[in-house]
Amino acid sequence: MNGNSRLIVVQKIYEKISDSSHEITFPKSSYIRIIKKVFHGFFEKEKDLDEILLNNLSENISFKNLDMILKIILKAAIYELSYMPKIPFKVVIGEYMAVTEMYYETKQKSLVNAVLDSVLKSKKT
C-alpha cells in the first residue's frame, strides 16, 4: 500500500462517519483489497482501537477533544500496526505521518508520531 492509499482510507472513513446512510464507493486502485480491509477493520475493531489509542495518549491530551480526522488517522494506523503485521511498521508510520502532514501542522504530526511510537513499543513488550 502507498501513501495515496492511506489517504483514501482516511477520506472514506471520514465519509462513512459523516454520513452513515451514504453508500461508500472506492476508487480504482491496485491496493483496493487492502484499503477495504483497513476501512472495514476500522469499524469492526473500533472499540479496541479506541482503547489502544486511549492507553497510548499522553495524560495531558483529552481523547474527546481530538479532531475527528486526527482520530481517524491514529486509529487507522493503529489498526494496521495491530492487525496487519506483514506491513512493515516503518512504512505504516511514515505514510500516516505523510497523511497527517496534508491536514495538520507540526504539533499534530508530533502527536501522531508519539502515539504510534508508543503503540509500537507496547506491542513489543
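**Exercise 1.** Determine which residues Ile69 is in contact with, leaving aside its neighbours within four places in sequence.

*Solution.* Step 1: contact means heavy atoms within 4.5 Å. Step 2: with neighbours within four places in sequence left aside, Ile69 is in contact with Val10, Tyr14, Tyr103 and Tyr104. Step 3: Ile69 itself is found in helix α4; helices (H or I, at least four residues) and strands (E, at least two) are DSSP runs, numbered from the N terminus.

The model used here is predicted: local features need pLDDT of at least 70, side-chain atom pairs count only at pLDDT 80 or more, and totals for chains, interfaces and linings use all residues. Residues are numbered from 1 along each chain as its sequence is written, and side-chain values use heavy atoms, with hydrogens and water left out.

**Exercise 2.** Decide whether Ile69 is buried or exposed.

*Solution.* Step 1: buried means under 20% relative accessible area, exposed over 50%, and partly exposed in between (1.4 Å probe, protein chains only). Step 2: the relative accessible area of Ile69 is 12%, so Ile69 is buried. Step 3: for the protein chain, 42% of the 125 residues count as buried.

**Exercise 3.** State how far apart the C-alpha atoms of Ile69 and Met102 are.

*Solution.* Ile69 and Met102 lie 33 residues apart along the chain, and their C-alpha atoms are separated by 11 Å.

**Exercise 4.** Describe the largest nonpolar core and the elements that build it.

*Solution.* Step 1: a nonpolar core is a set of buried Ala, Val, Leu, Ile, Met, Phe, Trp, Tyr and Cys residues joined through side-chain atoms within 4.5 Å. Step 2: the largest one has 40 residues, and those with the most contacts inside it are Leu53, Leu66, Ile73, Leu74, Tyr96 and Leu116. Step 3: two or more residues each come from α1 (3-18), α2 (32-44), α3 (46-56), α4 (68-83), α5 (89-103) and α6 (106-124). Step 4: α4 gives the largest share, 10 residues. Step 5: apart from neighbours within four places in sequence, Tyr96 is in contact with Arg6, Val9, Val10, Val38, Ile73, Ala76, Ala77 and Glu80.

**Exercise 5.** Summarise the secondary structure of the protein chain and test its radius of gyration against the globule rule.

*Solution.* Step 1: the protein chain has six helices and zero strands. Step 2: the radius of gyration is taken over C-alpha atoms, and the globule rule is 2.2 Å times the number of residues to the power 0.38. Step 3: for 125 residues, a compact globule would have a radius of gyration near 14 Å, and the protein chain agrees with its 14 Å.
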